[in-house]
Each structure stands twice: as C-alpha cells, then as structure tokens.
Amino acid sequence: MDKTREIICIICPLSCQIKIRVKNKKIVSLESNGCRRGKEYAEQEFYNPQRVLTTTIKVKNSDSSPLLPVRTDKPIPKEKLRECMQYLANIEVETPIEIGQIIASNILKTAVNVIATRRLKS
Amino acid sequence: MRIQKVDVAVVGGGPAGLAAAIAASSGGAEKVTILDRNKTLGGILPQCIHNGFGLHRFKEDLTGPEYAQRFIDRVEELKIEVKLETMVLNIRPEKKILAINAKEGIFEIEAGSVVLAMGCRERSRGALSIPGTRPSGILTAGVAQQWINLEGYLPGKRIVILGSGDIGLIMARRLTLEGAEVKAVVEIMPYPGGLTRNVVQCLYDFDIPLFLEHTISFIHGKDRVEAVTIARVNEEKEFIPGTEKFIDCDTLLLSVGLIPENELSSSAGVRLDPFTGGPVVDERRQTSLEGIFACGNVVQVYDLVDHVSLEGDIAGKNAALYALGKLKQPKRLIKLIPGRNIHSLVPQLISGEDMTTIFVRVKTPEKSVKLKMGQGIKEVKKPLVNPNQTLTSTLSLKELVLLNALDEVEVSIIKEGRE
Ligand SMILES: Cc1cc2nc3c(=O)[nH]c(=O)nc-3n(C[C@H](O)[C@H](O)[C@H](O)COP(=O)(O)OP(=O)(O)OC[C@H]3O[C@@H](n4cnc5c(N)ncnc54)[C@H](O)[C@@H]3O)c2cc1C
Ligand code: SF4
C-alpha cells in the first residue's frame with residue numbers, strides 16, 4: 001500500500017512542502033521540492049532524521065552557576081533525544097570546565113560525544 | 001562623586017556591545033569601558049543554550065554561550081575594562097554617564113564617545129490585555145528560558161505558549177525535553193512568527209499543536225493559572241463565537257514580541273524612530289546626538305546575532321574615530337523612507353559617501369517580489385520575504401551616485417513584474 005507524507009524542507013527560507021509517496025518503507029516518489037537539496041533533505045528526514053541536542057547538566061561545586069550548558073558534537077538520531085536527556089539527567093560535573101570538554105563520550109553508543117558549551121571557572 | 005575619563009564607553013555587554021568595544025579598541029581608542037548590569041558578559045546569549053548562532057560570522061553552528069565566549073576572549077586579550085553588576089542610570093548629551101555598582105557607589109564617566117547597546121526587552125502581559133483573572137504562572141518566554149537554562153527551575157508542568165516567535169518555539173522544545181507537557185502554541189497571525197526550522201524541530205518533532213489565527217480569550221484560575229480558553233479570530237482579530245477551546249494548564253508563557261530598550265536613549269534626547277522603536281541612526285550608527293552611537297537590538301530587533309555583531313563592529317569603529325577626533329561628519333544625509341510592505345529599516349539616514357548595507361524588516365510574508373529603492377536605483381528579486389527574517393541589501397558606489405541627487409528615497413517591496 002502506498003502512503004503519502006509531507007516533509008517541510010528547512011534548508012532555505014522557501015520552506016517547500018515536499019510530498020513523498022512511500023511503499024514498503026521506501027520513498028517511491030517525491031514532488032514539490034524546489035531544488036535538489038530538498039530531495040536530499042527529505043530522504044535524510046525520512047530514512048534517518050537527526051538532531052543536535054542541547055541541554056544542561058548539574059554542576060556539583062559551583063556557587064556562580066548551578067548548570068553547565070552542553071550539546072552533542074554531532075547530530076544524533078531523532079528518536080534517541082529523550083533517552084539521551086534521561087541519561088544526562090543523572091550526570092553531574094565539577095568545575096573548572098572548558099568549552100569543548102567532553103562530558104559524556106559515545107553517548108548511547110551513537111559515536112557522538114556530549115561537550116560543554118560554556119567555560120566555568122572553579 | 002568620582003569622575004572617570006574614558007575614550008569610548010559602551011553601555012551593555014551583549015553581542016552588540018562586545019563587538020563595539022572590540023572594534024573601538026582595535027580602531028585605536030585607548031581606554032574602552034563596557035558597563036553591564038548583569039553578572040556576566042554576553043547579554044541574552046548565556047541563556048540561549050540552543051545552537052543556530054554564528055552561521056554567517058564564523059561559518060559554524062554555535063550555541064549562544066559559545067558564540068559569546070569568542071568575543072569575551074577577545075575583550076580580555078585587548079584588556080578592555082569591564083564593569084559588571086553596574087547599572088547605567090542616565091546618559092547626558094555631553095556624553096556623561098551616571099552609573100552605580102556595589103563597589104564604587106554612584107559614579108560618573110566622561111566619555112569621548114558613547115555606544116548604546118542595551119538590547120531589547122520582552123513585551124509582557126500588560127501590553128496585551130487578555131480578559132480573566134490575574135493569577136501567578138504567567139511569564140515571558142525569555143524569563144522561563146533564564147529559569148530553566150541558568151537557574152535550573154521548571155516554571156510549570158502543563159504549558160500553553162502564546163505567540164510563535166522563535167523564543168516561544170525554542171522554549172516549547174526545551175520544556176518538553178525537560179519533562180513538561182506543552183499543550184499548545186497559540187498564534188494570532190495566519191502564519192508562525194518564528195523560522196520554519198524552529199516550527200519543524202521544536203513543535204512538529206514533538207507533536208505539539210500549533211493553533212494559527214487563534215488567541216487566548218480568557219485566563220482562568222484564582223491563585224495560579226488553571227486553564228486558558230483559546231478562540232479563533234477573524235481578519236479584524238476579533239474572537240469568532242463558537243470556536244472556543246478550553247485547555248487546562250498551570251503555566252502560560254508569553255512570546256509576543258520584543259521592544260528595543262530605549263529609556264536611557266530617549267532621556268538623553270536621542271531621536272527615536274517610530275517604526276523600529278530604536279534610535280534613528282546613519283550608516284556609521286551615529287544617533288541624532290553627535291558622538292553617541294547605537295548598535296544591536298537597541299536599534300532594531302534583529303533575527304540573527306550575526307547582524308547584531310556586524311552592527312557592533314560599525315558602531316565601535318566609528319565611536320573610536322569620533323573619540324580620536326578623526327570622524328568626518330557627512331556633508332548631508334539622505335533619508336530612507338519605509339514604503340509598501342516595509343515594517344522598518346536601518347540605517348534610516350545615509351551619507352551616500354560609502355558602500356552601505358541596509359537591514360530591512362517586512363510587514364507580511366510575500367512570494368515572488370522585488371526589493372525596490374527609489375525610482376530605478378535598485379531592484380533586487382526576492383523569491384520570498386518574511387517578517388521573521390531581516391533582509392539585507394548592499395548599495396554599491398554606482399547606486400549611491402544615483403542616490404546622491406535625492407534628499408529622500410523610498411524603500412519598498414513590490415510584486416514582480418510590476419513597475
Ligand atoms: C530566546 C532567544 C533566542 C535567540 N535565538 C537566536 C538564534 O538561534 N540565532 C541567532 O543568531 N540569534 C538568536 N537570538 C538573537 C540574539 O540573541 C540577539 O539578537 C542578541 O543577543 C542581541 O544582542 P544585543 O547585544 O543587542 O542585546 P542583549 O544580548 O540583550 O544585550 C544587552 C545588554 O545590555 C545590558 N543593559 C541594558 N540596559 C542596561 C543598563 N541600563 N545598564 C547596564 N546594562 C544594561 C543588559 O544587561 C544586556 O546584557 C535569540 C534571542 C533570544 C532572546
Ligand atoms: S527544496 Fe530547495 S528551494 Fe525548497 S526549501 Fe528546500 S532548499 Fe529551499
């Protein structure tokens with residue numbers, strides 16, 4: 001059975017609403033994309049949507065800032081966002097911390113690291 | 001009272017002020033001082049922990065704190081003086097600044113030139129007049145962002161967000177990931193206020209409903225918000241009876257726009273532009289008062305921090321030249337007037353002597369249009385214009401020659417194919 005789905009392209013401000021037809025979990029046709037980049041984006045979004053996660057981590061010993069902002073150094077699969085949040089909720093760090101410092105490596109076996117985005121002095 | 005003398009005083013240490021201070025110091029001003037009421041430099045950026053900053057300036061996708069740190073490092077290298085937890089109380093046209101902090105008490109700064117970089121503030125409920133009770137649990141999206149990202153408090157568990165600007169959208173995702181339930185984002189206009197990327201990645205990714213052409217018709221609850229009623233609006237923005245929906249919630253976030261922070265500017269006597277809400281500036285970012293410059297969200301609410309930093313560079317460079325007595329005042333200034341579908345533009349005045357980039361915000365989205373300046377001076381095709389994105393257009397020297405014959409020039413958006 002064919003199914004149709006719409007994917008809004010976010011690559012440029014035109015925001016094309018790309019229509020895809022899906023059969024056996026595969027894209028069989030794609031239309032209304034304004035350009036090639038839209039096709040690539042829609043395929044990526046359909047087969048393996050990925051997002052950068054940004055959040056905060058508890059800081060144990062800081063009186064100036066109770067939280068450290070962090071991000072994943074590469075996008076992670078979209079369906080892992082919540083699991084990743086849960087994992088990070090249980091982590092605590094101590095100052096000093098440098099920007100780019102790895103806070104959790106190879107998170108949920110994704111080969112992606114979670115890194116600090118703010119410098120916290122001790 | 002102690003009087004301190006500086007070459008360039010920068011009021012506000014957000015991205016605009018940081019860039020201005022760096023440009024002023026690099027441009028030869030010896031003593032540059034940044035004054036900010038916050039505990040840290042960076043303005044709003046330390047709380048903007050999401051990515052999306054610096055794509056133009058650094059060709060990198062940075063978070064707010066990372067973007068800010070690049071400038072803070074440079075400020076330290078250049079040994080620019082920074083006075084934090086320092087509130088500026090008053091600025092006088094003769095470039096005297098009155099400020100207060102715990103260490104020095106009230107003090108005065110006599111500056112060679114001043115850069116205004118106070119940013120903007122969020123519209124709050126007072127500006128909206130929604131019927132209903134006045135319970136707790138109503139706050140602006142930016143305040144919620146500060147609580148969650150800097151202090152570690154969740155403002156509530158069941159949230160409704162009024163307004164679909166980028167801050168509201170970013171907060172919808174942030175709250176959801178932190179375990180709150182965002183029940184609805186309600187937008188009075190027929191299109192979302194924020195970028196498509198944020199609509200997709202902050203709402204659709206988490207199945208958060210977006211109600212367009214809807215607004216809140218009533219707030220319920222005695223001590224704490226208990227629910228809101230939303231209703232569809234017609235073209236006159238009046239509620240359509242029978243379209244009401246009752247949504248129970250414990251928190252209402254407002255993301256209904258930003259206003260440049262210009263109390264200091266107007267009490268100094270700086271002329272303000274009714275369209276931008278900020279000072280009228282020329283291309284060097286000088287205000288109506290000689291030697292007082294302005295940049296960033298205090299001038300016009302920008303969508304991208306990159307534009308803000310760019311404007312800081314310009315203001316800082318010229319503030320240094322002024323303080324050193326080297327800034328040539330223009331012979332005359334040509335007025336740029338907002339025309340069809342233009343909400344506001346910056347700079348409002350240009351000398352016509354140097355290449356200049358103008359920043360334009362439109363009123364409503366339109367497809368297949370042209371940005372037009374004057375009669376036959378410049379026309380640029382734009383496949384799409386949108387109120388949530390600043391348009392930029394650079395005037396070349398050739399175009400400036402044409403412009404120089406005029407006293408004022410209208411800038412407008414026209415339909416393609418129409419003359
Ligand atoms: C929630 C949110 C999300 C955003 N997301 C993005 C994004 O994804 N990408 C992007 O490019 N841009 C984004 N922006 C826009 C960008 O952050 C702003 O454009 C930028 O921070 C504006 O810089 P500014 O220096 O003009 O103002 P601000 O950052 O507001 O700094 C102004 C400073 O002036 C100080 N000040 C004001 N009055 C006084 C006074 N009287 N005395 C002393 N100090 C004073 C304030 O304390 C503050 O530190 C976002 C903005 C917000 C609010
Ligand atoms: S498909 Fe091409 S034109 Fe359409 S939004 Fe994507 S990048 Fe832009």
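Across all chains, the structure holds 33 salt bridges, a salt bridge being a side-chain nitrogen of Lys or Arg within 4 Å of a carboxyl oxygen of Asp or Glu. The model is predicted: local features need pLDDT of at least 70, side-chain atom pairs count only at pLDDT 80 or more, and totals for chains, interfaces and linings use all residues. Residues are numbered from 1 along each chain as its sequence is written, chains are lettered from A and ligands numbered from 1 in the order in which they are written, and side-chain values use heavy atoms, without hydrogens and water.

**Exercise 1.** Describe the salt bridge of A:E40 and A:R36.

Solution.
Step 1. The two side chains meet at 3.8 Å, N to O.
Step 2. A:E40 and A:R36 are four residues apart in helix α1 of chain A, so about one helical turn separates them. Helices here are DSSP runs (H or I, at least four residues), and strands likewise (E, at least two), numbered from the N terminus.
Step 3. A:E40 has a relative accessible area of 45% and is therefore partly exposed, while A:R36 is exposed at 58%. The cut-offs are under 20% for buried, over 50% for exposed and in between for partly exposed (1.4 Å probe, protein chains only).

**Exercise 2.** Which parts does the salt bridge of A:R71 with B:E66 join?

Solution.
Step 1. The closest N and O atoms of A:R71 and B:E66 are 2.9 Å apart.
Step 2. A:R71 lies in strand β6 (residues 67-72) of chain A and B:E66 in helix α2 (residues 64-77) of chain B, so the pair joins two chains.
Step 3. Both A:R71 and B:E66 are buried.

**Exercise 3.** Locate the salt bridge of B:E261 and B:R121.

Solution.
Step 1. These side chains meet at 3.5 Å, N to O.
Step 2. B:E261 lies in the loop between β18 (258-260) and α6 (263-268) of chain B, and B:R121 in strand β9 (residues 120-122) of chain B, so the pair ties together parts that are 140 residues apart in sequence.
Step 3. B:E261 is buried, with a relative accessible area of 14%, whereas B:R121 is partly exposed at 35%.

**Exercise 4.** Where do the buried residues of helix α2 (residues 81-89) of chain A lie around the axis?

Solution.
Step 1. The buried residues are A:L81, A:C84, A:M85 and A:L88.
Step 2. They cover an arc of only 105° around the axis, which puts them on the same side of α2(A). The arc is that of the directions from the helix axis to the C-beta atoms.
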